[in-house]
Amino acid sequence: MGKRLREWWGLNNPSSYVRKYVYTSNMRAAVYMAFIVICLEIWMMLSLARTVVESAAAGKPRDFLWIVNHGAWYAVLLAIAAVVMVHAIRYLRHKTYNTRVGNVLLLIFSVACLIFGIHFGNNSYVKGDQILAFVTMTLFVFGLLVWKPIPALVASVVSFGGFYLYIDHNLPANYSLQVNLFTLWISTLVVALSAYHQKVSEGAKDEGIEKANEALRRIASFDELTGIPNMHSFGSAVTVLFEGIEQFDIQYAILYMDIENFKAYNDKNGFGAGDRLLRDVAVGLEEIFASEMIARYSDDHFVALCESRVAEERAKAGYDLVRSLRGDVRLHLRTGIYEPDMKEDVDVNQACDKARYACNEIKRHPGVFTNYYDDKLDNDVRRRQHIINNVKRAVSEGWIKVYYQPVVRCADGSGELCGYEALARWIDPEYGFMPPFAFIETLEEFREIDKLDRCIIEQVCRDLRAELDEGKEVVPVSLNFSRLDFELYDVPAFLEQMSSKYNVPSNLLDVEITESALTQQMSLLQKNMSLLRQNEFSLWLDDFGSGYSSLNTLKDYQFNVLKIDMVFLRGFEDNEKAKPILHRIVELAKDLGMVTLCEGVETKEQFEFLSSIGCDRAQGYFFGKPDAEKQLPAAL
Ligand code: C2E
Ligand code: MG
Ligand code: MG
């Protein structure tokens with residue numbers, strides 16, 4: 001039989017949700033039915049009493065058996081209705097969950113109603129009255145209750161057939177009664193069947209909505225990839241826990257865990273394997289923090305909450321777990337730990353941020369895998385936050401200043417001024433004077449560096465314009481660009497705009513790009529560089545040799561000036577190898593057609609050596625530190 005046909009006949013097994021829905025609907029109907037029956041029977045009992053009294057007054061007292069016969073019917077039905085009503089109300093109020101008892105009671109009640117209807121319908125019929133008692137009861141039982149199609153068919157055939165045979169036996173039914181009875185049966189059956197299908201489809205619809213809600217609840221609380229709680233549920237759970245914590249006097253710790261080198265694992269083994277690893281780590285961490293709380297923060301980052309006294313032990317277990325799963329990629333689990341002040345209101349997001357910050361700090365300390373958030377970090381976080389919150393203000397209120405450091409001729413040994421490097425300083429009303437290391441990295445991390453760099457470019461152009469207007473002799477100024485500048489705005493267009501706004505020729509502005517920038521987004525940088533070259537800006541490679549370099553960069557990119565990092569001059573006096581290396585670099589740059597500039601010149605000896613190997617230019621404290629005014633280089 002087709003699925004639909006089976007469904008129509010109620011031969012399939014509906015889900016437990018639909019069964020419960022139908023059952024609840026029957027219990028609700030039972031309350032109405034029972035209420036009506038109780039009222040009806042009380043009314044019948046009162047009429048019976050009146051008949052008895054009136055008959056006695058008229059001198060024709062009813063005989064005792066007649067009274068019992070009628071009264072017993074009413075009493076039995078009333079009692080059953082009362083029991084059904086009590087049970088149904090208890091079920092609807094979640095005081096009882098026993099569906100079997102409910103079903104039996106409902107069956108007894110239905111049968112009693114039908115027998116009552118048949119009996120009193122017959123009585124009326126025999127007396128020549130309408131069979132209303134039977135009609136009422138059948139409509140009651142088949143119309144209000146939800147029956148499966150087959151039981152409805154059987155029950156209606158039995159009750160209508162039984163009634164027909166019963167009355168026909170007592171007084172043969174005429175044709176019109178037969179037709180009326182048949183029509184009534186069919187209508188009752190159709191009502192019963194349609195009630196069934198309607199309730200089942202309502203139940204199924206409800207179930208669908210419920211399932212969707214459940215899925216939404218899951219998505220809202222659990223991380224899809226790993227199946228462990230997400231940050232939303234972690235936040236709520238921790239908040240609830242902390243709300244009642246004062247009484248317990250327990251110090252908790254928030255742990256932020258990061259799988260170091262996970263990107264390499266993904267690159268080597270593919271995203272599928274990466275996902276599997278994350279799931280395995282999540283499962284393992286769930287075991288480690290079995291009696292505590294754990295959640296996936298994002299990507300390869302997890303957060304957990306445990307008592308402070310076991311925090312390091314847990315971090316170590318997590319570290320061992322990742323080591324055991326990592327395969328041939330060197331993965332480590334780094335953990336930042338933050339112990340919030342339990343006496344104050346703890347903001348879970350901020351607490352996680354602090355643990356994250358402590359974790360990120362570990363990057364600077366190779367070989368360390370756990371780190372606590374302390375006062376120093378706290379100050380750092382505040383300063384970083386201050387920088388991010390105030391970068392726009394710093395630009396508009398002039399807290400950002402350009403400092404100029406002179407660059408001198410070197411190859412000719414003259415030490416004469418040939419340029420300046422523009423270096424940013426942030427003079428903050430709260431934090432005072434800040435050198436670039438205090439804010440450049442933060443601005444880069446939050447992708448706000450463009451605000452600072454545009455401000456510096458404009459100030460440099462404005463200063464050059466003022467000098468030109470005063471008729472001073474000017475030298476070019478080199479500007480520092482971050483890798484992100486090229487992603488965040490159109491650098492060539494902005495330089496063009498500034499040089500035409502202040503009427504400063506492009507040969508007075510040089511573009512320094514640090515070596516680390518070359519490792520990313522090669523095509524974007526190449527495109528920008530060629531545009532800048534077309535507009536006749538000179539391109540400088542900054543910090544050559546500072547760590548990221550490879551000689552390949554010299555092959556892949558075309559620079560006009562090579563700025564040799566000051567690392568080569570550190571230990572210059574004691575390290576005999578420094579000189580030949582510098583010599584080779586200068587020669588190589590010349591062969592490639594580049595001008596050379598050495599940074600960090602602090603002594604006369606260094607300058608003289610650079611001059612002797614033909615290094616074109618020099619810059620360093622020996623000639624002058626960066627200053628708010630363009631100072632002339634110290635004379636040799
Ligand atoms: P950089 O471009 O390599 O700048 C040279 C740095 O070396 C400057 O530090 C300068 O003060 C310092 N320096 C110069 N001569 C000597 C010396 O003889 N000895 C020593 N020990 N240091 C010397 P500063 O100004 O702190 O800048 C640090 C870095 O910050 C810069 O390195 C540059 O990468 C970045 N930076 C500075 N201003 C800006 C800017 O406006 N935008 C961007 N994106 N980065 C900037
Ligand atoms: Mg520079
Ligand atoms: Mg440099």
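Visitor: Why is Glu512 called buried?
Guide: In this predicted model, Glu512 has a relative accessibility of 0%. Buried means under 20%. So Glu512 counts as buried.

Visitor: What makes Asn480 partly exposed?
Guide: Asn480 has 24% relative accessibility. The partly exposed class lies between the buried limit of 20% and the exposed limit of 50%. Asn480 therefore counts as partly exposed.

Visitor: Which protein atoms are the donors of the magnesium ion (ligand 2), and how do you know that they are donors?
Guide: They are Glu421 (OE), Asn480 (OD1), Glu512 (OE) and Asp542 (OD). They lie 2.1 to 2.2 Å from the ion. The cut-off for a donor is 2.8 Å, so these atoms qualify.

Visitor: Where along the chain do the donors of the magnesium ion (ligand 2) fall?
Guide: Their spacing is E-x58-N-x31-E-x29-D. Two of these residues, Asn480 in strand S9 (residues 477-481) and Glu512 in strand S10 (residues 509-514), are 32 residues apart. That pair links distant parts of the chain.

Visitor: What makes Asp542 a bridge between the magnesium ion (ligand 2) and the magnesium ion (ligand 3)?
Guide: Asp542 coordinates both ions. The two ions lie 3.8 Å apart.

Visitor: Is Glu599 buried or exposed, and how do you know?
Guide: Its relative accessible area is 7%. The buried limit is under 20%, so Glu599 is buried. Glu599 also belongs to a network of salt bridges with Glu421, Glu512 and Lys563.

Visitor: How many salt bridges does a search of the whole structure find?
Guide: It finds 35.

Visitor: Why is the contact of Lys501 with Glu458 called a salt bridge?
Guide: The N to O distance is 2.9 Å. The criterion is within 4 Å, so the pair qualifies. Lys501 lies in helix H16 (residues 491-501) and Glu458 in helix H14 (residues 449-469), 43 residues apart. Lys501 counts as exposed at 53%, because the exposed class is over 50%. Glu458 is buried at 18%.

Visitor: What makes Lys211 and Glu207 a salt bridge?
Guide: Their side chains meet at 3.8 Å, N to O. That value is within 4 Å, so the pair counts. Lys211 and Glu207 are four residues apart in helix H7 (residues 175-221), so about one helical turn separates them. Lys211 is exposed at 58%, whereas Glu207 is buried at 15%.

Visitor: How do you know that Arg296 forms a salt bridge with Asp223, and which parts does the pair tie together?
Guide: The closest N and O atoms are 3.1 Å apart, and the limit is 4 Å, so this is a salt bridge. Arg296 lies in strand S2 (residues 293-298), and Asp223 in the loop between H7 and helix H8 (231-243). The pair therefore ties together parts 73 residues apart in sequence. Both Arg296 and Asp223 are buried.

Notes
Residues numbered from 1 in each chain as written. Chains lettered and ligands numbered in written order. Predicted model: local features only at pLDDT ≥ 70, side-chain atom pairs only at ≥ 80, totals over all residues. Heavy atoms only, no water. Donors = N, O, S within 2.8 Å, 3.2 Å for Na, K, Ca; no water. Buried < 20%, exposed > 50% of the residue type's maximum accessible area, 1.4 Å probe, protein only. Helix = DSSP H or I, 4+ residues; strand = E, 2+ residues; numbered from the N terminus.
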